[in-house]
Amino acid sequence: FQDHQGQRRRNLTRKANAQYGQTPYPNLPLERVEIDHTRSDLVVIDDRDNLPLGRLTLTYCLDTATRYPLGYYLGFEPPSYLTVMECLHHAIQPKAGVRQQYGAEHEWLAYGIPATLVIDNGKEFIGHDLEDACLLLGIVLQYTPVQMPQFKAGVERMFGSLNTMFFHALPGTTFSNPQERGGYDSTNQACVYLSEVDKMLNIFLVDIYAERFHHGLNGIPARRWEEKVQTGFAPALPPSAEELSILLGRTTTRVLHHYGIEFACLRYNCDDLLVLRTRLKGQAIKIKYHPADLSCLYVFDPFEQQYLHVPALDQEYTPGIVLVEAPRHPPGGASTRTIPGCI
């Protein structure tokens with residue numbers, strides 16, 4: 001206990017006396033991408049019964065060279081690898097059609113595989129899953145020192161802008177500071193439906209934040225991204241959206257049996273596993289899976305250097321099943337079944 005208190009005092013003293021310079025930002029887009037989470041300062045309500053659902057968690061990616069929003073994931077799940085992989089999938093994939101889908105004035109310009117992904121020491125970032133995904137995609141992981149958010153200053157400032165310019169402007173905001181809230185009843189004042197938050201956030205990011213003058217950048221993020229593209233920059237992309245989903249999936253190993261693979265109390269099998277099981281001779285095999293979709297697994301064939309799509313045997317039961325690590329609220333009251341993370 002005394003050691004813990006001493007370390008805490010040393011950390012507080014270091015923060016109080018530390019002096020930091022300006023972070024040197026890269027020149028090319030995707031050279032340095034920062035990712036982090038924040039709990040949104042907004043209570044949303046259910047579309048069906050108008051009851052308050054609570055506050056959403058935002059996982060967000062920012063391109064530090066242009067300050068252009070790269071991607072996000074918004075949901076009730078607490079920070080986990082699921083939220084990280086969903087955010088990265090949205091960040092990497094092209095996002096054409098934002099104008100048509102959400103009624104925005106501009107398209108979402110930024111996409112592509114980051115060269116370096118800057119992360120902190122949160123448990124959702126530490127582990128084999130993210131390391132394996134980044135290795136397959138050619139992304140360098142850069143860990144920041146413990147309790148030093150200034151090493152991810154770009155995304156931290158972005159969270160501040162999101163709160164002051166977006167979440168705090170909506171009815172049902174909880175504000176960042178309870179003293180700021182005063183007598184404002186966030187729950188009773190909430191009138192933003194869950195189905196509308198995603199639309200409003202897209203419009204804010206592409207029409208307001210990306211088109212607004214950024215003092216740290218000394219320019220407009222959208223114009224800076226366009227300038228780099230016009231001078232020859234081309235974002236790197238995986239061969240397909242399906243392959244990206246596979247590479248970002250969680251990783252584990254299993255032994256192939258005559259009945260296929262047993263995973264999370266479910267069984268998976270297909271004809272392609274017969275030859276692979278014969279060649280492996282009882283050795284464990286690498287598999288990839290999506291925690292929010294247990295209708296199939298992807299088994300890595302080390303001989304052909306490819307992933308095999310292996311469906312669950314019971315296709316009537318598995319759709320809608322989610323492998324969870326913590327209690328989860330289905331968005332919009334959707335019918336979602338969960339099973340414990342017994343992997």
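Hi everyone, let's start in the middle: the largest nonpolar core here has 65 residues, and I35, Y60, L117, L130, L162 and L205 have the most contacts inside it. By nonpolar core I mean a set of buried Ala, Val, Leu, Ile, Met, Phe, Trp, Tyr and Cys residues joined through side-chain atoms within 4.5 Å. Buried means under 20% relative accessible area, with exposed over 50% and partly exposed in between, using a 1.4 Å probe on protein chains only. Helix α2, residues 81–92, gives this core its largest share, eight residues. Helices (H or I, at least four residues) and strands (E, at least two) are DSSP runs, numbered from the N terminus.

Before going on, please keep in mind that this is a predicted model, where local features need pLDDT of at least 70 and side-chain atom pairs count only at pLDDT 80 or more, while totals for chains, interfaces and linings use all residues. Residues are numbered from 1 along each chain as its sequence is written, and side-chain values use heavy atoms, leaving out hydrogens and water.

Back to L205. Which residues does L205 touch, not counting residues up to four places away in sequence? The answer is Y60, P69, Y72, W108, M158, L162 and A210, where contact means heavy atoms within 4.5 Å. There is also a second, separate core of 21 residues, and I261, A264, L297 and L308 are among them.

Now for the overall picture. The protein has 11 helices and 13 strands, and 48% of its 343 residues count as buried. Taking contacts with a separation of 6 or more, 63% are between residues 24 or more positions apart.

On to the rings. Searching the whole structure gives five aromatic pairs. Rings of Phe, Tyr and Trp (its six-membered ring) pair if their centres lie within 6.5 Å; planes under 30 degrees apart are stacked, over 60 edge-to-face, and the rest tilted. One of the pairs is Y68 with W225, which is tilted, at 6.2 Å centre to centre and 45 degrees between the planes. That pair links distant parts of the chain, 157 residues apart: Y68 is in the loop between β2 (52–63) and β3 (69–75), and W225 is in helix α9, residues 221–230. Y68 is buried because its relative accessible area is 1%, and W225 is buried because its value is 3%. W225 also pairs with F233, this time edge-to-face, at 5.8 Å centre to centre and 85 degrees between the planes. F233 is buried too, like W225, and ring pairs link Y68, W225 and F233 into a cluster.

Let's stay with α9. Its buried residues include P221, A222, W225 and K228. Why do the buried residues of α9 line one face of the helix? Seen down the axis, they fall within an arc of 130 degrees, so they line one face; that arc is taken over the directions from the helix axis to the C-beta atoms. These residues pack against β2 and α8 (194–209). After α9 comes G232, with a positive phi near 115 degrees.

Two charges over rings next. R267 lies over the face of Y259, 4.2 Å from the ring centre, and the charged end of R279 sits over the ring of F303, 4.1 Å from its centre. The test is NZ of Lys or CZ of Arg within 6 Å of the ring centre and within 35 degrees of the ring normal.

Finally, the cysteines. The structure holds zero disulfides, a disulfide being a pair of cysteine sulfur atoms within 2.5 Å. C134 counts as buried because its relative accessibility is 3%, and C270 also counts as buried, at 19%. Thanks, everyone!
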